[in-house]
Amino acid sequence: MLGGAGLLLAAAPAQAAEVAYKTECIPPSISGLPPVEGTTKVEITAPAEAKVGDEVEVVWKTTQAASNNPDVLDLDKDTVKPTGTVKVGGAQTADLAVEGTRSNPPIKKNSPMVLSDMKGKIKLTAPGEVTLTPDKYNINVSKPISTDTKCSPKEAVKPGATIKVTDAGGATTGGLPTGLPTGLPTGLPTGLPTGSASSTPTGAPSSGSDTGGSGGGKSDFTGKEVQIPYKCKTPIGDKSATSPVQINAKKDGGNYGLTVQFKKSVMDSPADIPADSVKPSMEVKLGGADKGTVHVEGPTNKEPIKSGEPINIPDLTGTYKPGADGKSTLSPGVLTVKALGTTTTCTPSKTEVSLEIDTAAQPGGAAGGSGSAGGSAGGSDTSGGLAETGSSNDGILRALGLVAGTVILLGGAVFTFLPKRRARLR
């Protein structure tokens, strides 16, 4: 049996020694955090001796992380999974993949990272000394969304273990394992995703004015695209960004079905986005003859969105019931995004009329109202603040990428505002 298909062996006692080395870890781009450098301490264990044809197990144990879990988010139990590569050298060369389990205690902000042991198996093919040296590794955090922190050595690393491999005749070559250095990630889940996609336009925008009037038989009204500067309060401070928005309407009796379109999104998602995780809404602002707001909302994302894939932005829809006779205007208003149990609100610093239509007052219409028109009222908070929905809001929103003022989760997509100084796609 032993001479057959290469059993997993620990022919001689496994030994371990600690190795320390400098490491650089790159947090997910969505986090907005810079690279982190620190010292990692690792032990690697493997059989001290084995024979050609044996399959042996290599274990990578991190005893000190390169950095603590940063001041962003408490990590839940069993959300962190490490993977890495061990360079095999000496009598044979190979890249050995090692993998840990998603098993960790809860990890508080600003506390040491805890990684499970990573393991891999290698079949020995030649007699002599086989060295095992740590190389690059990755830390995946699964919640609130899947993100990766990539780490690599910043100096030459000594072998962490040496296996004496004998041929069938039995001559051995030596070497005690000395301890393998491994790198430890910053452990930051973040991210959040942004998406490169453009929404489906509804024809070329007109001047935004209903020239046909309510009595002229016209039923479809196309608004003009307007640039709306938003101010959002995030857990790390006030942020500003600008988005092109267009409001269209379709007359149905005396009411109007509204569609709000965000016209541009210029980035791909930097992280996996779970299905049904985010939902957008807006309070369209009425002016001219009418007063109040109209509530519109979009669907949640039906399918998960993989990292690097373009993201399609959904339309926001709702019904406008006029409350006045005359020319009424519609302008983009307060944007609300609910994601993973949290709510964030963005308020225009100034707005612009996208559509003007002739309206006739309907029973229960919007004129003089303080809430929505012909729909539910919620979401019309104009403070631009962050709704407090739980103690983890701060970390989750930052992990979703509400940093640097550029990312707003929007329905089945991640809507990316385009600051003027960064309007070009990288």
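Start with the whole protein chain and its contacts (heavy atoms within 4.5 Å): among contacts with a separation of 6 or more, 74% join residues 24 or more positions apart. This is a predicted model, in which local features need pLDDT of at least 70 and side-chain atom pairs count only at pLDDT 80 or more, while totals for chains, interfaces and linings use all residues. Residues are numbered from 1 along each chain as its sequence is written, and side-chain values use heavy atoms, with hydrogens and water left out.

Next, colour by secondary structure, where the protein chain shows one helix and 27 strands; these are DSSP runs numbered from the N terminus, helices being H or I with at least four residues and strands E with at least two.

Now select Trp 60, Val 80, Leu 132 and Ile 163, the residues with the most contacts inside the largest nonpolar core, which has 35 residues. Such a core is a set of buried Ala, Val, Leu, Ile, Met, Phe, Trp, Tyr and Cys residues joined through side-chain atoms within 4.5 Å, where buried means under 20% relative accessible area (1.4 Å probe, protein chains only). Strand 9, at residues 128-141, is one of the elements that give two or more residues to this core, and its five residues are the largest share. Moving on, select Ile 228, Tyr 230, Val 245 and Leu 316, which belong to a second, separate core of 26 residues.

Finally, colour by pLDDT, the predictor's confidence in each residue from 0 to 100, and select residues 173-215, where the pLDDT is below 50. Where pLDDT is low, the predicted coordinates should not be read in detail.

Technical notes. Buried < 20%, exposed > 50% of the residue type's maximum accessible area, 1.4 Å probe, protein only.
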